[in-house]
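Let's take a friendly walk through a protein model together. Please have a look at the sequence and the structure before reading on.

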Amino acid sequence: MEEETELLKSFEFEEPKSADDVEKIEEKGKRDICRNGCDRPANVCLCKELPGKPFLTYTKIIILHHPHEVHHKLATVPILTKSLQNCEILIGRRLRSGRSPILDSLHEASVRDPALPHKAIYLFPGTDSSPAIDLNDWVGSTIGGGGLDGAEIRALIVFDGTWKHAKEMVKSSLPYLSKFATRVCLKYDVEVDGETIFNSELVLRKEPFSGCMSTIEAVARSLKVLEENNNGIEIEGKLISILKSMVKFQSSHVMKKNIKPRPMLKKQNKKPQNIVS
């Protein structure tokens, strides 16, 4: 018994940590966050790139933000809300009644009078069953053609998620969207491989095919067209500048980690998906 007592005395037991000690350890593991505007980690702060005042647009931008993207470190949606006044973020997997007052008002108006010109558009490549109109053509025929007043509030709907998730989000939203929104697209080519961070200053994540782009770039390119008579070119320039800075930060991280580009795999001869522009 005496031997056991002496043995125990030879060990030094660590005192239980206080709540303050635990908090200090937890804080040490966290990165400093910039609270001046961008809310990003301080070492990748974008405050200098943000506009002095968020741009005001005639177009109402509504983004359906997939839940898996909310905390993704490469998500570009949070920057859009700090750059554009009329930008609304909805977190979810589909659009439906009760999510957005402006979309509900457009939906109700179209149900009452199906002949009304659509004041909303949603950005996504087309298929045989659901073709898409080139955005420039839609603007020329609808706004430029007198269907809508050029200063009238209109809605641009964008789906934010991986390519797989975005397709699912669009499909599940169609019963609601198809009543009041037109499907539009920017230029793309499914036969050409998408770019990567290794060969483009505008790509944060590998794109499935040419013409696919991040949400911030898609909104920038769209607003250049939709806000042509307002400040579309200035908005596009600022958003693209922010994106380039994000890519530069990520590229630097990739270089430090010595990450190599994946080898290009030969495409299998699969049946075309009949996606049209």
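**The whole chain**

Keep in mind that this is a predicted model. The protein chain contains eight helices and 10 strands. Of its 277 residues, 41% count as buried. The accessible surface of the chain comes to about 17,100 Å², and carbon and sulfur atoms make up 52% of that surface.

**A covered strand**

Find strand β6, which spans residues 154-160. Seven of its seven residues are buried. In a regular strand, side chains alternate between the two faces of the sheet. On one side of β6 are Arg-154, Leu-156, Val-158 and Asp-160, while Ala-155, Ile-157 and Phe-159 are on the other, and both faces are covered.

Which strands are joined to β6 by bridges? Strands β1 and β3 are, and each of them runs parallel to β6. The table shows how they pair.

| Strand joined to β6 | Residues | Bridges | A bridge pair |
|---|---|---|---|
| β1 | 59-65 | seven | Ile-62 with Ile-157 |
| β3 | 120-123 | four | Ala-120 with Ala-155 |

**Two nonpolar cores**

The largest nonpolar core has 35 residues, and those with the most contacts inside it include Ile-61, Leu-84, Val-219 and Leu-239. Strands β1, β3 and β6 each give two or more residues to this core, as do helices α3, α5, α7 and α8. Apart from it lies another core, of 19 residues, and Ala-155 is among them, together with Leu-103, Leu-177 and Phe-180.

Setting aside residues up to four places away in sequence, Leu-84 touches Pro-54, Phe-55, Ile-61, Val-219, Leu-223 and Ile-235.

Our last stop is Phe-249, which has its place in helix α8, residues 232-256. Is Phe-249 buried, partly exposed or exposed? Phe-249 counts as partly exposed because its relative accessibility is 30%, and that class lies between the cut-offs of 20% and 50%. Beyond its neighbours within four places in sequence, Phe-249 is in contact with Arg-40, Asn-43, Val-44, Cys-45 and Leu-46. Take Leu-46 as an example: it is 203 residues away from Phe-249 in sequence, yet their C-alpha atoms are 10.0 Å apart in space.

Note on methods
Residues numbered from 1 in each chain as written. Predicted model: local features only at pLDDT ≥ 70, side-chain atom pairs only at ≥ 80, totals over all residues. Heavy atoms only, no water. Buried < 20%, exposed > 50% of the residue type's maximum accessible area, 1.4 Å probe, protein only. Pairing = 2+ DSSP bridges. Contact = heavy atoms within 4.5 Å. Core = buried A, V, L, I, M, F, W, Y, C linked by side-chain atoms within 4.5 Å. Areas by Shrake-Rupley, 256 points an atom, 1.4 Å probe, with all protein chains shown as cover.
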